[in-house]
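Here is a friendly walk through one protein chain. Have the coordinates open as you read.

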Amino acid sequence: MLAAVDHVQLAAPSGSEDLLRRFYTGTLGMTEVPKPPVLAARGGCWFRAGAVHLHLGIEPGFEPSAKAHPGLRVTGIEAYAARLEAHGTPVTWDMDLPGHRRFYALDPVGNRLEFLEPVQRGLRGAGRVTRSTETTRRPDWE
């Protein structure tokens, strides 16, 4: 039985580790995790932020995917988008996922990353509520 996603692996070109380290630690605020020596010999680097683990592995002939991406849940999405932009990473907002604010950005080697935050849904005649209190009343989707 599946219990959880342990990590997501993204590919990267040979020699891009320093560029990836600057982005994933400096721009995204993640922490680099040392790879076991036998795996470190293959190149690449690993990062984490809380329960989120991203592995960047070296792939000969690397081509970034136009569609595939991890979906990374954030808090304070406006501030997080501003952080990326302040570090020179453009963001593209996409409002097509009901109940979420989200944007996309590319890492320095072209991997697509999705950042999303659930939004609180309002109720008719009520203020903002959280999902946990919506079970007794019909939500009014915004």
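The sections below go from the overall fold to one helix, the core and one loop glycine.

## Ground rules

This is a predicted model, so local features need pLDDT of at least 70 and side-chain atom pairs count only at pLDDT 80 or more, while totals for chains, interfaces and linings use all residues. Residues are numbered from 1 along each chain as its sequence is written, and side-chain values use heavy atoms, with hydrogens and water left out.

## Overall fold

The protein chain has 3 helices and 10 strands, which are DSSP runs numbered from the N terminus (helices: H or I, at least four residues; strands: E, at least two). Their order along the sequence is β-α-β-α-β-β-β-α-β-β-β-β-β.

Of its 142 residues, 37% are buried; here buried means under 20% relative accessible area, exposed over 50%, and partly exposed in between, with a 1.4 Å probe and protein chains only. The accessible surface is about 8800 Å², with 56% belonging to carbon and sulfur atoms; these areas come from the Shrake-Rupley method with a 1.4 Å probe. Among contacts (heavy atoms within 4.5 Å) with a separation of 6 or more, 47% are between residues 24 or more positions apart.

## Helix H3 and its cover

Which residues of helix H3 (residues 77-86) are buried? They are Ile-77, Tyr-80, Ala-81 and Leu-84. These residues cover an arc of only 100° around the axis, so they sit on the same side of H3; the arc is that of the directions from the helix axis to the C-beta atoms.

Exposed Ala-79 and Ala-86 are on the face turned away from the buried side of H3. The cover over the buried residues includes helix H1 (17-27), strand E6 (92-93), strand E7 (100-106) and strand E8 (112-118). Just after H3, Gly-88 has a positive phi of about 85°.

## The nonpolar core

The largest nonpolar core has 25 residues, and those with the most contacts inside it are Tyr-24, Leu-28, Leu-84, Phe-103 and Phe-115. Such a core is a set of buried Ala, Val, Leu, Ile, Met, Phe, Trp, Tyr and Cys residues joined through side-chain atoms within 4.5 Å. At least two residues each come from strand E1 (8-12), H1, strand E3 (45-49), E4, H3, E7 and E8, and H3 gives the most, with 4 residues.

Leaving aside neighbours within four places in sequence, Leu-28 is in contact with Phe-23, Tyr-80, Arg-83, Leu-84, Leu-113 and Phe-115.

## A loop glycine

Gly-61 lies in the loop between strand E4 (52-58) and strand E5 (71-73). Is Gly-61 buried or exposed? Gly-61 is exposed, because its relative accessible area is 69%. Its C-alpha atom is 9.2 Å from that of Ala-12, 49 residues apart along the chain.
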